[in-house]
Structures are given as structure tokens and as C-alpha cells.
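Hi,

Here is the structure I promised to pass on. Have a look, and my notes on its pockets and cavities follow below.

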Amino acid sequence: MKIVACNSNLPLAEAVAKELGMRLCNVTVRRFADMEVFVEIHENVRGEDVFVMQSTCTPTNDHLMELLIMLDALRRGSARRITAVMPYFGYARQDRKSGPRTPISAKLVANLLVEAGASRVLTLDLHAMQIQGFFDIPVDNLYAAPLFVRDIKERYGDRDLMIVSPDVGGVVRARQLAQRLNTDLAIIDKRRERAGVSEVMNVIGDVKGRHCLLVDDIVDSGGSLCNAAQAIANMGAASVGAYVTHGVLTGQAVERIGNSCIEMLTLTDSIRATESVQAASNIRQITIAGLLARAMRAVSDESSVSSLFD
């Protein structure tokens, strides 16, 4: 078993390797003068079970190309099995045709990964569960919910909590977390006029006097999350926090969240924190290194991965 890291999130890869009592494989991932990606593996990988860690986050296309070229290099190096470990699966929001003559880019990325040499994919909180069906190879989709439940119990104790889904599409995810915490669920009914812009229409559920926690898989511009938080606060919530798996946080997102009524936004480290995220007073990260390490060990040992869902 070997662990290879590309450039998107080296701290997480190093933390996973430490959890497993291993070191990262000695590789070079660099650019030529015209920004072509070049990969070189400095260790023998013939017959090895290799895990390649790479989140396809900003700059998405660069990180995706790094991953594809690394997979190709390992395949040509005769690795026995190659698992693409993608804590954040970019292009997952393009999982269906959103209109006439539009692509299904998540399916295209799935095809590229398989053609490049991936034998298996390990990821976290896919935006749409049906993406697993885009692959003809095994896909293990882990969940951040057990980590969130443990963290919420430690931070909020016996407070009167209510889990809130920021939109109808996230109800299943929010309901599962509410069931684990044995608390109530509220839903934000919103209208999205275009990508990145939404308007809250209604809050379904009585949030007055409750400590509300918004739960989602991705926060990008932060607009929808902040609008939902403000709507809840206007309805009399005692406090508003948020738990989101993937902190994409583009543009003015960090500033927008900093100026919002969100007391604390908790993210996982599936995407490497920028300096602005690290400096933000109401944004924090919890690590998924232990979860990924256990999943990778289970895959390598051919044991159960589903036991990690509890």
C-alpha cells in the first residue's frame, strides 16, 4: 500500500499518512513553462495498491489534470490497483442536463478518471448520489455526518437544537443528521433565479427560540447560506450556526460570512483552507484525516467500508 499526493491538499494527505503510520510516496508534480503538468514517480509501484489523494477544487481544471496524469503514470508504472481519493469531487454539481444543449460534466469527469487508470474512487459527501452510477468501477462515498454529530454534541451540549436544510434538495442529508441528534428539522424554501443567486421564500418549521444549525454539502459564494441564516434569525432563532462539508468559498464568500449572523461555520478540511479562511473569526475546520485513513485501510484490507457510516 502506497499513498501518493498531488498538490491540492498536501496537509490533509500528510495527516492521513500519519494516521496510517506511513509516509507519502516520493513524487514530483510540477509545471513546464507553458503550464503543462508533469508528473514523475520516484519509487517502484509495480504490483502496489496505490491511493492518490487529490481534491479537484480551485483551480479545478489544474487539479483535475494533475490527478488524471498521476493516474496515467501509475497505470504505466504497473500499479496493481489505483484508488483515486477525492475528498472533494469537482464538477459534481453538473450531474444532469440543466437546460437544452448543456453538458453532464460529472459523467465526463467519471469517464476521464476511468480512462486514465482509476480502479476505484473514494470520496466524501457527493453532491448527488446518482454520480456513483456514472462509474463502472466501485465508488465509496463517505459521509461527514458522524464527525458533525460528534462535534455538535461537544460544542452545543444540551442546547435546544434544530437542524435546518437550506433548500429542499438537502432535506435527506439534514434529516439524517437530525435523526442522529434526536432533534427537529426545519426547511428553507428558496427560489434560485440563476447560479449563485437565491431568494428565501419561506421557513418551514418553528425555529423561534431554538439554536439552529444549517447543514449542507457545499458552500460556494455563501449567498444562499447567509440568506437562509438571516431568514432564520428574523423568525426568532436564538442563534444560527452552520455545518458544511466542502468549503469552496469563492469570491467574497469569506467576507460575506464574516458579516453575517452565522455565529460559526464549521467545515471539513476536504479543501485546503486559504489564508482568509484561517483568519476568519467565525469559520473553523475539523479534520477528515482519520475517516479517510480508516476507509483507505478498509479498502486495502478488503474489509467493510460501510461500518464507517455509523
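Bear in mind that this is a predicted model. I'll begin with the second largest pocket, which holds about 450 Å³ of space. Helix 2 (60-76), strand 13 (265-268) and helix 8 (275-279) are the elements that each give two or more residues to its lining. Of these, helix 8 has the largest share, with 3 residues. In total 30 residues line this pocket, and the ones nearest its centre are Cys57, Thr58, Gly247, Val248 and Ile271. If you sort the lining by class, you get 13 nonpolar, 15 polar and 2 charged residues. Both domain 1 (2-142) and domain 2 (145-286) take part, each giving at least three residues to the lining.

The largest cavity comes out at about 40 Å³. Around it sit Ser8, Asn9, Leu12, Ala13, Met53, Gln54, Ser55 and Pro87. That lining splits into 4 nonpolar and 4 polar residues, with no charged ones.

The second largest cavity has a volume of about 30 Å³. Its lining is made up of Tyr88, Phe89, Ala92, Leu124, Asp125, Leu126, His127, Ile218 and His246. Here the classes are 6 nonpolar, 2 polar and 1 charged.

Cheers

Key. Residues are numbered from 1 along each chain as its sequence is written. This is a predicted model: local features need pLDDT of at least 70, side-chain atom pairs count only at pLDDT 80 or more; totals for chains, interfaces and linings use all residues. Side-chain values use heavy atoms; hydrogens and water are left out. On a 1 Å grid over the protein atoms alone, a cavity is a set of points where a 1.4 Å probe fits but cannot get out, and a pocket is an open set with protein on both sides within 12 Å along at least five of seven lines; lining residues have an atom within 4 Å of a point. Grid points are joined across faces, edges and corners, and a volume is the space filled by probe spheres set on the points. Ala, Val, Leu, Ile, Met, Phe, Trp, Tyr, Cys and Pro count as nonpolar, Asp, Glu, Lys and Arg as charged, and the others, Gly among them, as polar. Helices (H or I, at least four residues) and strands (E, at least two) are DSSP runs, numbered from the N terminus. Domain bounds come from an automatic or database domain assignment.
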